[in-house]
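Grab your viewer and work through these exercises. Try each task yourself before you read its solution.

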Amino acid sequence: MKKIMLLGSGELGKELVIALKRLGQHVIAVDSYNDAPAQQVADEREVINMLDGAALDSIVAKHQPDIVVPEIEAIRTERFYDYEQQSITVVPSAKAANFTMNRKAIRDLAAKELGLRTAQYEYANSLEELIAATNKVGIPCVVKPLMSSSGKGQSVIKTTADIEKAWSYAQSGKRGDQTEVIVEAFVRFNSEITLLTVTQKNGATLFCPPIGHRQERGDYQESWQPAAITPEQLKAAQQMAEKVTGALTGAGIWGVEFFLADEGVYFSELSPRPHDTGMVTLAGTQNLSEFELHARAILGLPINEITLERTGASAVILTDKDGTAPQYSGIEKALSYPQSDLRIFGKPVTRPYRRMGVALAYAAPGNDVEQVKQKAIAIAAEVKV
């Protein structure tokens, strides 16, 4: 049995804890507030500000975990190098966590070192620099804080009148203390996919069937699997994913995002952990969900293959107001749909557009993905928070 410390205890962490507990592990769930979703199913919990390096060091010293698993971006990731020196495994690795928590590091690695196709981009550290950057990449363009999650602080500049607003929004949505933003040229893409990629301690890199998704406010609304993609596009995406995860090192699941455009496949972003769009795998679309895959990879357990078992879709259940102790209605109606399922995350606090649950729908392989997606959207609409 390993002692595993989870840093960040949201809904993705909750499903990971369940997968780890099924394999007999001991989990300490850490978050900035009490009763976060993963803390509800873990063995122990800690509540700290994970951007406080000293607080992080103190709980690592207290629990002495074998493995540290970051689930969010807002962590003093530079401390991870010290933990590796203490023979603690950081998932996937201290290097991966540090590079991917910062959009600048990961974009420069992908575009400059590995030569992957990406959107043209610039950086800006002030409103003046943002104006100069938009002149270089052109309008429309996308502005994102270097550190943020779930689309926070991300916006599209459509006219010069949007520039100041985009700067303010990026500063309000950033994680940590970095003011710098990345400014990306707008890629005219036909669709976007997540390619869940599994790196193993002893074994080949494996790929899940590609997942399609739709975003609003920089946050996913629906995802479906399998996504429509040509064999050539899939091969290009797999080669890029293998290159970038290999450079970052370590074992675990990675959510690697791509744009599919007329001129080819563009690398967009990656997360070194289960991906929100991968919640579609909770609909039984694969022989192992993304959380079960991550748990096995973390523990060095064998993963022989990843197979598509069903066509599936997920749709988010959001709240529209601030509140505490949320109540849910419509669950009975939602679950009366055939071939459906539901996850309520158990978050104790609501705020506008906060993701509180996910609706799942599935069908036999080969069924029309669009129909399954529409069913997931209808199921999500039944649930009121």
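Two strands pair if DSSP finds at least two bridges between them. Helices (H or I, at least four residues) and strands (E, at least two) are DSSP runs, numbered from the N terminus. What you're looking at is a predicted model, where local features need pLDDT of at least 70, side-chain atom pairs count only at pLDDT 80 or more, and totals for chains, interfaces and linings use all residues. Residues are numbered from 1 along each chain as its sequence is written, and side-chain values use heavy atoms, with hydrogens and water left out.

**Exercise 1. Trace how β12 is joined to β10 and to β13.**

Step 1: Start with β10 (residues 189–199). It runs antiparallel to β12 (residues 211–216), with two bridges joining them. Across this pair, T194 has I211 of β12 as its bridge partner.

Step 2: Now look at β13 (residues 219–225). Five bridges join it to β12, again antiparallel. Here R214 stands opposite E222.

Step 3: Check the turn. The hairpin of β12 and β13 has two residues between the strands, and R217 takes a positive phi near 55° there.

**Exercise 2. Work out the strand order of the open five-stranded sheet.**

Step 1: The order is β3-β2-β1-β4-β5, and the pairing is parallel.

Step 2: Find the edges. They are β3 (44–47) and β5 (89–90), each of which pairs on one side only.

Step 3: Zoom in on β1 (residues 3–7), which four bridges join to β4 in parallel.

**Exercise 3. Is T285 buried or exposed, and what does its side chain meet?**

Step 1: Locate T285 in the loop between β15 and α9 (290–299).

Step 2: Its relative accessibility is 0%, so T285 counts as buried (buried means under 20% relative accessible area, exposed over 50%, partly exposed in between, with a 1.4 Å probe and protein chains only).

**Exercise 4. Which residue classes line the largest cavity?**

Step 1: List the lining: R103, I106, R107, K144, I182, E184, S268 and E269. A cavity is a set of points on a 1 Å grid over the protein atoms alone where a 1.4 Å probe fits but cannot get out, and lining residues have an atom within 4 Å of a point.

Step 2: Sort them: two nonpolar, one polar and five charged. Ala, Val, Leu, Ile, Met, Phe, Trp, Tyr, Cys and Pro count as nonpolar, Asp, Glu, Lys and Arg as charged, and the others, Gly among them, as polar.

Step 3: Ask who contributes. The largest share, three residues, comes from α5.

How values were computed: 1 Å grid on protein atoms, 1.4 Å probe; cavity = no way out; pocket = protein on both sides within 12 Å on 5 of 7 lines; lining within 4 Å.
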